[in-house]
Amino acid sequence: MDAALHQEQLTTGKKVWRRFCRNRLALAGLVVLVLFVLSAIFAPWLTDYDPNRNNLRDRNKPPSREHPLGTDDMGRDILARTLYGGRISLTVGLVAVGISMSIGLILGSLAGFFGGAVDTVIMRLADIFYSFPFLIVAITIAAIFGPSIYNTMVILGILSWPGPARLLRAEFLKLKTTDFVTAAEGIGASPARIMFRHVLPNALSPLLVSATLEVASAILSEAGLSFLGLGVPPPAPSWGNMLNRARPLHILANMPWMWLPPGTAIFVVVLAINFVGDGLRDAFDPRQDLS
Amino acid sequence: MWRYIMRRIFLQGIPVLLGFSFLLYLVITIAPGSPVTHLRGVPNLDSSVIEQRKAQLGLDQPFIVQYLNWLGRVLRFDLGLSFDSARRPVADLIKERMPATITLSLASIVLGWGIGIPIGILSARYQYSVFDYAITFFAFVGISIPSFFFGLIQLYVFALKLNVLPAGGFFMAGEARTLAGYVSYLLLPSLTLGLASIAGVARYMRASLLEVINQDYLRTARAKGLPERLVVYKHALRNALLPILTLLGFMIPGIFSGAVIVESIFAWPGLGSLAIQAVNERNYPVIMGIDMMFAVLIFLGSIVADISYALADPRIRYE
């Protein structure tokens with residue numbers, strides 16, 4: 001019985017993976033994403049430059065042999081800053097989504113499982129957060145608490161919990177009436193066991209899709225905040241604050257090597273994540289059956 | 001219908017806006033530092049002056065008193081006075097900046113719907129054609145490219161290299177306000193802000209049309225010999241456009257939020273640039289005023305979307 005169950009799960013996973021691979025854009029997105037993650041992790045091996053070391057003799061240099069992507073107005077190597085910036089931008093995106101998913105997971109499960117007053121309170125709170133003009137509130141809080149990496153992660157995470165909470169609540173309401181949950185209740189399983197053992201695993205696939213797409217928007221939001229000078233503060237490199245530094249019109253007009261690499265990096269990573277998210281959604285969709 | 005609208009406003013809108021204002025005020029005031037912090041750096045300034053200034057701005061009172069004072073004034077349609085030295089009414093500041101932001105947002109909504117709907121329809125009609133794939137890919141690009149990067153690219157190409165459009169701003173002093181002038185100043189910012197909407201609307205339009213295109217009543221229309229053009233544009237499109245109406249309500253928050261960044265790139269004199277200035281100065285009344293303004297606009301947008309949905313689709317009844 002147990003072995004059969006295990007085998008069944010394995011084939012489901014395989015099916016999803018096979019469906020995912022059929023989507024060429026999703027697969028390409030995954031490859032690009034993996035490359036970006038690897039280049040962020042192995043940044044110190046890919047470049048010899050310290051992303052934060054100023055070199056006043058080599059300021060504003062166009063791409064050359066020593067500096068493949070040129071240098072910025074402080075003489076810092078743009079390639080190094082883009083690679084290390086990826087570390088920060090990807091980390092902020094992942095941690096922010098980790099925070100919003102954790103809050104959303106807990107509150108959404110509680111609301112969906114217990115219903116009643118708990119549900120009302122949590123969902124009204126979600127309504128309030130949903131009515132926030134997101135970026136404007138993020139800017140307000142970031143400016144008032146002062147720009148820092150940690151503040152950026154926490155602000156983006158706390159502001160985006162209602163999405164996953166609503167999703168999970170809906171899944172809970174749907175699954176609560178299924179036979180296997182009734183059966184578990186019948187044999188006397190505790191609420192916690194039903195929640196974590198029976199319902200949650202079945203609600204994970206839509207949550208995974210939404211988490212993937214949330215990472216893309218968190219990276220965009222971080223870049224937006226940093227672009228306005230309210231996200232990751234210099235000298236630490238992030239793709240957004242590199243763009244911020246290149247905003248003066250003379251840099252924009254004459255030194256495109258300073259802003260093209262970080263801008264392209266954000267664009268390509270977000271595009272890749274969106275392709276992966278879209279592919280995952282299709283792959284998890286049972287209507288897309290593959291024989 | 002009226003009952004539904006009233007219920008939305010009084011049971012949902014007002015509590016949500018109250019909750020929002022309370023949370024925002026709380027977060028703003030518990031944050032370290034205050035609007036008078038910069039005075040501490042001034043040499044030879046007696047600390048009594050700082051205390052006096054604090055009392056003048058009402059900052060010496062506990063949070064809840066400050067909040068209730070603010071709320072009491074707002075209920076009488078008074079947003080208070082700005083904290084900066086000119087101490088102008090916040091409502092006046094907002095009124096000055098509002099038209100520019102509304103113009104920019106409307107222009108990008110018009111672009112988003114005006115371009116997104118036709119390409120979405122064509123994409124669905126010629127499903128799986130090269131054009132369809134190109135539009136699908138473009139839609140992904142449109143939602144993935146950060147507005148500030150797209151804005152910088154456009155500035156670089158059109159304003160700095162080709163020199164055909166202004167590099168931001170909105171009518172210099174004494175400049176004649178011609179239609180061509182409006183277009184030239186609006187084009188880049190509204191395209192930057194509207195790109196995501198074009199992409200989003202095109203995607204939804206395509207999906208929505210594909211959903212109805214295979215339904216029975218369309219098969220009937222085809223069976224009685226209607227030309228495909230009429231089937232699509234007369235019978236299918238009407239139903240397919242309905243979900244797009246609700247999309248407007250969902251997209252309004254994104255458009256206003258996006259406006260903040262776009263205004264900053266193109267030096268557009270709207271609420272967004274006022275907001276950034278206000279948060280940097282910790283100008284509480286202005287921050288609260290602008291944030292509430294946006295929250296109200298977003299709420300109204302969602303109601304308008306619901307109502308237009310009900311008006312357009314007789315199957316929908318709100319009771």
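Reader: Before I dig in, what are the ground rules for numbering and for the predicted model?
Author: Residues are numbered from 1 along each chain as its sequence is written, while chains are lettered from A and ligands numbered from 1 in the order in which they are written. The model is predicted, so local features need pLDDT of at least 70 and side-chain atom pairs count only at pLDDT 80 or more, whereas totals for chains, interfaces and linings use all residues; side-chain values use heavy atoms, with hydrogens and water left out.

Reader: OK, chain B. How is it divided into domains?
Author: There is domain 1 (2–75) and domain 2 (91–312), with bounds that come from an automatic or database domain assignment. Their C-alpha centres lie 33 Å apart. The contact, meaning heavy atoms within 4.5 Å, takes 19 residues from domain 1 of chain B and 13 residues from domain 2 of chain B.

Reader: How much area is buried between those two?
Author: About 1,500 Å², with carbon and sulfur atoms giving 76% of it. Buried area here is the accessible area (1.4 Å probe) that two parts lose on being put together, summed over both. On the domain 1 side, Arg8(B), Leu17(B) and Ile28(B) lose the most, together 34% of what that side buries.

Reader: How many salt bridges or polar contacts between them?
Author: Zero salt bridges between domain 1 of chain B and domain 2 of chain B, a salt bridge being a side-chain nitrogen of Lys or Arg within 4 Å of a carboxyl oxygen of Asp or Glu.

Reader: Which element gives the most to the domain 1 side?
Author: Helix H1 (residues 2–30) of chain B, with 12 residues. Helices (H or I, at least four residues) and strands (E, at least two) are DSSP runs, numbered from the N terminus. That side of domain 1 of chain B has 13 nonpolar residues, five polar and one charged. For those classes, Ala, Val, Leu, Ile, Met, Phe, Trp, Tyr, Cys and Pro count as nonpolar, Asp, Glu, Lys and Arg as charged, and the others, Gly among them, as polar.

Reader: Switching to the chain B and chain A interface: how many residues and how much area?
Author: Chain B puts in 42 residues and chain A 41. The buried area is about 3,800 Å², 82% of it from carbon and sulfur atoms. Phe148(B), Phe149(B) and Leu152(B) supply 16% of what chain B buries against chain A, more than any other three residues.

Reader: And what's the salt bridge count there?
Author: One. Asp278(A) pairs with Arg203(B), with the closest N and O atoms 3.4 Å apart.

Reader: What about salt bridges over the whole structure, how many?
Author: A search over all chains finds 13. One of the salt bridges is Arg245(A) with Asp73(A), at 3.0 Å between the closest N and O atoms. The two are 172 residues apart, Arg245(A) in helix H11 (residues 239–245) of chain A and Asp73(A) in the loop between helix H3 (43–46) and helix H4 (78–114) of chain A.

Reader: Is Asp119(A) buried or exposed, and which residue does it pair with?
Author: Asp119(A) counts as buried because its relative accessibility is 13%, and buried means under 20%, exposed over 50%, partly exposed in between (1.4 Å probe, protein chains only). Asp119(A) forms a salt bridge with Arg169(A), the closest N and O atoms being 2.6 Å apart. Arg169(A) is partly exposed, at 23%.

Reader: Last one: where is Ser160(A), and what does it touch?
Author: Ser160(A) is in the loop between helix H7 (149–159) and helix H8 (162–176) of chain A. Not counting residues up to four places away in sequence, Ser160(A) touches Ser100(A), Phe134(A) and Glu214(A). A polar atom of the Ser160(A) side chain lies 2.4 Å from the backbone oxygen of Leu156(A).

Technical notes: A polar contact is a pair of N or O atoms within 3.5 Å; within protein, one must be able to donate a hydrogen and the other to accept it, and residues adjacent in sequence count only if both atoms are side-chain atoms.
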